[in-house]
Amino acid sequence: MKVTCFMTLFWPFSMLLFFDKSQTSETEVKRNLTRRNYSLIPDSISNNVTILDLSYNQITLKASDIMVLQMYSLLTELYLMENNITVIYNNSFSNLSNLQILNICGNAISIIEQDSFVGLNEVKELYLCQNKILHLNPNVFVPLNNLKVLNLQGNLISHFAAPQLFHLELLTLDGNPWNCNCSLLELQNWLNKSHVTLENENITMCSYPDDLKHYSIKSAPFSTECHSKFITTISEDLYVDFQSIRNSTSNSSLNNLTQNSEHEALGKSWALLVGVVITVLLTSLLIFIAVKCPVWYNILLSYNHHRLEEHEAEIYENDLTRNPSSLSQITDTNSEDTTVIFEQFHSFVVDDDGFIEDRYIDINEVHEDK
């Protein structure tokens, strides 16, 4: 009961604290610091700020300002209009990954480095109007993947190649001294073929040459020579792109071939080693067999004949008795062959002294015959 009463009493105070904190957070999220005569971006701003307006100061956006900007990673809108910025350096806004609107109009910007807008993947609106930009590389906008509005009004741009901005919807180019020569034909073709709306098209006029001053850059008539040059340029660009792709492909193929050849050479070396080992083993085996073969042959030859059994002797004698002429015939016809076979047979016998020794003659039988 006491707890309930305490909560009832404390509830109004808690609500007041909540609303006070919410209001404080809102004031911290949006900071308007215009006309403060700042020469540097202050580092005392809360890190929770999401909308920061530093217009009409003396900020130059040098290295110290870039370091301070890294602290405000939650920014969604940044306004730096009417300051003293002359150069936008590389990676000036690299940590502002949540930024959606960037307005730098009314400065004295004459140089925008190649990687000035790296990290601004979520920017949808970019305002560079009323500066002193003389030349602008269209590739500088490549990191701006989601850019829909680009304002280049009131600069010193005389020619401009078509930017690679696939989500762009609105483009402002009036107030520049456009030179409608052949170099502007690419931009005109892009404006006519894309879905981009050219704001203030009627006042985006050619300044040069004199005979085209009354034409919009989107409708100025270019000579046949410009069209032929444009087609030739496109062909050359396509050829260069093809060559670069082919070179990159050939380089990658060469690297793969080198790696494969290294692996293949390694595999072949193992195969060669195994082949050498097997060849050595087989050669050694053949040599061993060649050396030992005569010895084995002599041993086998010595056991090639055996003593006749009694029944075999009787059969042999009966055959001789029945066919006595066969023996003489065999003797007559094969005497020469027998002599040759006898000589070949005894040529393998070691230490032949002219006597035939039969190892299987029984000595007891010899004595009995005597």
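**Segment, core and salt bridge**

Author: Residues 270-291 are 100% helix and 0% strand, with the end C-alpha atoms 32 Å apart; helices (H or I, at least four residues) and strands (E, at least two) are DSSP runs, numbered from the N terminus. This is a predicted model, in which local features need pLDDT of at least 70, side-chain atom pairs count only at pLDDT 80 or more, and totals for chains, interfaces and linings use all residues. Residues are numbered from 1 along each chain as its sequence is written, and side-chain values use heavy atoms, without hydrogens and water.

Reader: Which annotation covers residues 270-291?

Author: The unreviewed UniProt entry annotates them as "transmembrane region"; such annotations may be inferred rather than shown by experiment.

Reader: How many residues are in the largest nonpolar core?

Author: It has 58 residues, and Leu78, Phe93, Phe117, Leu128, Phe141 and Ile217 are those with the most contacts inside it. A nonpolar core joins buried (under 20% relative accessible area, 1.4 Å probe, protein chains only) Ala, Val, Leu, Ile, Met, Phe, Trp, Tyr and Cys residues through side-chain atoms within 4.5 Å.

Reader: Which elements give two or more residues to this core?

Author: Helix 2 (63-69) and helix 3 (185-193) do, and helix 3 gives the most, with four residues.

Reader: How many salt bridges are there?

Author: There is one, between Asp210 and Lys213, whose closest N and O atoms are 3.3 Å apart. The criterion is a Lys or Arg side-chain nitrogen within 4 Å of an Asp or Glu carboxyl oxygen.

Key:
Buried means under 20% relative accessible area, exposed over 50%, partly exposed in between (1.4 Å probe, protein chains only).
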